[in-house]
Amino acid sequence: VNADDFRTLYAYNTWANRRVLEACRALDPSTFSRPTSGSFGSIKETLSHIAWAEWLWLERWQHRSPKKASLPEASDLPSIERIMGETARGQQSFVAQLSDERLSERISYLNIKDERWEYTLGQMLQHVVNHSTYHRGQVVTLLRQAGANAVSTDYLLYFDEQ
Amino acid sequence: MRPTERLLDQLNRSFGGEAWHGPALRNLLDGVTDEQAKSHPVRGAHSILELVVHVGNWNDAIARRIEGTVVESSEVDDWADVSTIAWKAAVEKLERAQSRLSDAVARLGTEELEQPVAGTKRSKFSEIAGVLQHAVYHSGQIALLKKAL
């Protein structure tokens, strides 16, 4: 895994998020916000969780440790799309300047509970894509349950579409 | 950490180790009964058994591709008929596929990662990154199904 591989992974992540957001536009707002599947949250909550995590980690890569109060508003689909769009642009310019050497750089940050953690930039970059992929799988299942069109965000499909 | 070690670390963490994105796949399957695995708690969605067989079949196919065998996507049993597959057997098959995949990646040299996979234009790195994202994606779905049981 080198800097180029992360540029590819982030282009994939942006593409997959966009496909999921497009599928969500077809839902009516009440379906989008309705809690589903037992104790599991709504499509909106799962998507805002993805959006906030990506936003937060982009800040941490740049040596900032925002607190919960600074999280951008994600109360509906347009605001979630806005966060994801701005974060994707930030991620793209961050990985565009990434070098292989920087992947081993250790970055220390305070999480939202004010605990100090430290990881390499490479670990953080991989973590964010995995986290978003994990929860995108859930959003797609919830979309299917809501009767919306299933959307594929498969990595290999992404390659075929390029 | 060499690039292949980093990929291997990701594969191991996402399957049975300390994943950061959520529970690792193998850990999610602990305590799931045969009956639960076969049920469809979310309307229109696959069962846990179907997802485990699906991930196992793809992990095995990608492991064979990394080993140098040409495996066409059409040869892979994408969504298998699971009516005759026992839950325990499906989990064991997934474990074997994961182990084969890790072994295949461990044997790769750094320079081989950018070389194409037999029969495709994709690099070995893309194939491994792809199968990792695939398993993580379905792990999220299994976690959701467990909550819906």
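I began with helix length, taking the expected span of a helix as 1.5 Å times one less than its number of residues. In this predicted model, I looked up helix H3 (residues 43-61) of chain A, which has 19 residues and reaches 27 Å from its first C-alpha to its last, close to the 27 Å expected at 1.5 Å a residue. I then checked burial along H3(A) and noted that 15 of its 19 residues are buried, so this helix is largely enclosed by the rest of the structure. After H3(A) comes His63(A), for which I noted a positive phi, near 65°.

On confidence, I noted that chain A averages a pLDDT of 92, with 98% of the residues scoring at least 70. Among the elements of chain A, the highest mean pLDDT (98) belongs to helix H4 (residues 77-96) of chain A, and the lowest (75) to helix H6 (residues 155-161) of chain A.

Next I turned to the largest nonpolar core, where, of 102 residues, Leu47(A), Trp61(A) and Leu125(A) touch the most other members. Helix H6 (residues 124-148) of chain B gives the most to this core, with 13 residues. Leaving aside neighbours within four places in sequence, I listed the contacts of Leu47(A), among them Val20(A), Phe32(A), Ile80(A), Met84(A) and Val139(A).

Last, I looked up Ser132(A), which lies in helix H5 (residues 121-145) of chain A. Is Ser132(A) buried or exposed? I found a relative accessible area of 1%, and because buried means under 20%, Ser132(A) counts as buried. The side chain of Ser132(A) makes a polar contact with the side chain of Glu54(A), at 2.6 Å. Leaving aside neighbours within four places in sequence, Ser132(A) is in contact with Asn13(A), Ile50(A) and Glu54(A).

How values were computed:
Residues numbered from 1 in each chain as written. Chains lettered and ligands numbered in written order. Predicted model: local features only at pLDDT ≥ 70, side-chain atom pairs only at ≥ 80, totals over all residues. Heavy atoms only, no water. pLDDT = per-residue confidence, 0-100. Helix = DSSP H or I, 4+ residues; strand = E, 2+ residues; numbered from the N terminus. Core = buried A, V, L, I, M, F, W, Y, C linked by side-chain atoms within 4.5 Å. Buried < 20%, exposed > 50% of the residue type's maximum accessible area, 1.4 Å probe, protein only. Contact = heavy atoms within 4.5 Å. Polar contact = N/O pair within 3.5 Å; in protein donor to acceptor, adjacent residues only side chain to side chain.
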